[in-house]
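Visitor: I would like to go through this structure with you, one point at a time. Please give the cut-offs as you go.

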Amino acid sequence: MVPASFISLEPRWGSNYLFLNTSIIREILEAREPDPLDQQKKQQLNELGTDLYSYKGNDVESYFAPNSPSGLYRLELISTEKDTNFKVYATTTPESDQPYPELPYDPRVDVTALGRTTVTLAWKPSPTISQLQQPIQYCVIINKEHNFKSLCAVEAKLNADDAFMTAPKPGLDFSPFDFAYFGFTSDSGPSRERTIGVKPVTTRVSRQMAGAWRVDLQQICIGNKNVFTVSDLKPDTQYYFDVFAVNTNSNMSTAYVGTFAKTKEEAKQKTIELKDGKVTDIFIKRKGVKFLRFAPVSSHQKMMLYVHSCLDAVQIQVRRDGKLLLSQNMEGVRQFQLRGKPKAKYLIRLKGSKKGASMLKILATNRPNKQPFPSVPEDTRIKVFDKLRTCSSVTVAWLGTQERNKFCVYKKLVENNYSEEQKKREQNQCIGPDIRKKSEKVVCKYFHSHILQKAVTTETIRGLQPGKSYLLDVYVIGHGGHSVKYQSKLIKTRRSC
């Protein structure tokens, strides 16, 4: 810690005014209890001249002397807690300089609109724009800790990883021989020896380590607009907002009276009640969340949960009377067997995909019989045998399971420029064959294999047109009538044979 800094100011001969502005940041310079060293310094200072002004605090402070004779003026600043830095502006012509933007008669920042993730701020414009015709821009500061009194205090926080590095603890935050962490080059080669007194090479603290010390702070400069909406905030969270008017010529700034606000809570989700043994359709918006509740009437030893995710993967969590039983991502058809408990209640949380909306079919029961959805293999692709592709037919194959199920194949003539993006829009696995045209149906057949490695079947689709594109779909239909669609396959017949 550097206990004191001295700055000498020498006004021009014959000056009548002396104006001094100090903007002190971080853990600020405050008067300490006198000790022998301080008293010695004060004695030396008194020999040089008279004390004109003293102040302690962490604010922007000004000193103005209307009659100031020419001479040497000394400014002494003492840091009592930590290393710090500060900005000083001194002039002998304060009336003409006008380096700091003026504030309006009402310098408060108002919250005009409040949402779950947004806050709209408004403030009155600085008179410096209209009266002095000087360029002004406004900078908005957002953080979760406190309001700031000066813009340089904000800048110090933003650069805390470079200017103020917290001393790490050996063995916890760094290796005892991690010389690069402290800015030293590591000369560990066999032909080199470390010598005392080598000048260190200055390096920046790594972003990974700096992240632990960096305050959650955001600075946005928006030009000369005096209304701004802060977005991407967290619901039910208190934020502090500050606005600074910055003179872009002098780079000096003045703080408005900051404010704070708490964003609104998330809208309470309606909980869907699941009925024992009944399939329920669920729709979830992109990145949305749905809650489901299942309360079995009778005592039970286990609970079965059958889930069919029709589109992208979803995240599922299951709690029994508040205790987490299951948490994982899933797609396709899955079944979960959970341990039961007398009079237990289950809360199911479903979170949608980041890619888009999600659709699911879900069934919960404590009396498992035959599962509502057909079993499907992990690989639901349809394979095409290219060598068997002709002008009027294609041969395809797909995997089955050890369970006997009914499979139906459908084809649809599409344009030759039919894209993968269009195919994705038809990938909803929950849409059954009942909506397809009868003319698109190719065949339905039953298939299974006791040996899982041999559970594969083929089908030749005939009567196709030469050089045309078709979209092929395979549906597997379960005992309860619910179906699962395999991944669609786009094929094209040969032009000539």
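Visitor: Are Lys485 and Asp473 buried or exposed?

Guide: This is a predicted model, in which local features need pLDDT of at least 70 and side-chain atom pairs count only at pLDDT 80 or more, while totals for chains, interfaces and linings use all residues. Residues are numbered from 1 along each chain as its sequence is written, and side-chain values use heavy atoms, with hydrogens and water left out. Relative accessible area sets the classes: under 20% is buried, over 50% exposed, and in between partly exposed (1.4 Å probe, protein chains only). On that scale Lys485 and Asp473 are both buried.

Visitor: Which residues join Lys485 and Asp473 in one network of salt bridges?

Guide: A salt bridge here is a side-chain nitrogen of Lys or Arg within 4 Å of a carboxyl oxygen of Asp or Glu. Lys485 and Asp473 form one, with the closest N and O atoms 4.0 Å apart. This pair links distant parts of the chain, Lys485 being in strand β27 (residues 483-485) and Asp473 in strand β26 (residues 469-477). Through shared partners, the network with Lys485 and Asp473 also takes in Arg436 and Glu440.

Visitor: How far apart are the closest N and O atoms of Arg436 and Glu440?

Guide: Arg436 and Glu440 are both buried. They form a salt bridge, and the distance between the closest N and O atoms is 2.7 Å.

Visitor: Which strands hold the salt-bridge partners Lys445 and Glu459?

Guide: The closest N and O atoms of Lys445 and Glu459 are 3.1 Å apart. Lys445 is partly exposed at 22% relative accessibility, whereas Glu459 is buried at 16%. Strands, like helices, are DSSP runs numbered from the N terminus (helices: H or I, at least four residues; strands: E, at least two).

Visitor: How many disulfides does the structure hold?

Guide: A disulfide is a covalent bond between the sulfur atoms of two cysteines. The criterion applied is a pair of cysteine sulfur atoms within 2.5 Å. Among the pairs found is Cys408 with Cys444, at 2.0 Å. The total is three.

Visitor: Why does the link of Cys139 and Cys221 tie together separate parts of the chain?

Guide: The sulfur atoms of Cys139 and Cys221 are 2.1 Å apart, and the link is right-handed, with 95° about the S-S bond. Cys139 lies in strand β8 (residues 136-143) and Cys221 in strand β9 (residues 217-221), so the parts tied together are 82 residues apart in sequence.

Visitor: Is Cys497 buried or exposed?

Guide: Cys497 forms a disulfide with Cys391, their sulfur atoms 1.9 Å apart. Cys391 sits in the loop between β21 (383-384) and β22 (394-399), and Cys497 in the segment after β28 (489-492), 106 residues away. Cys391 is buried at 11% relative accessible area. With 74%, Cys497 is exposed.

Visitor: What is the handedness of the disulfide of Cys408 and Cys444?

Guide: Cys408 is buried at 3% relative accessibility, and Cys444 is partly exposed at 26%. The torsion about their S-S bond is about 115°, so the disulfide is right-handed.

Visitor: How many helices and strands does the protein chain have?

Guide: The chain has 497 residues, of which 39% count as buried. Its secondary structure comes to seven helices and 28 strands.
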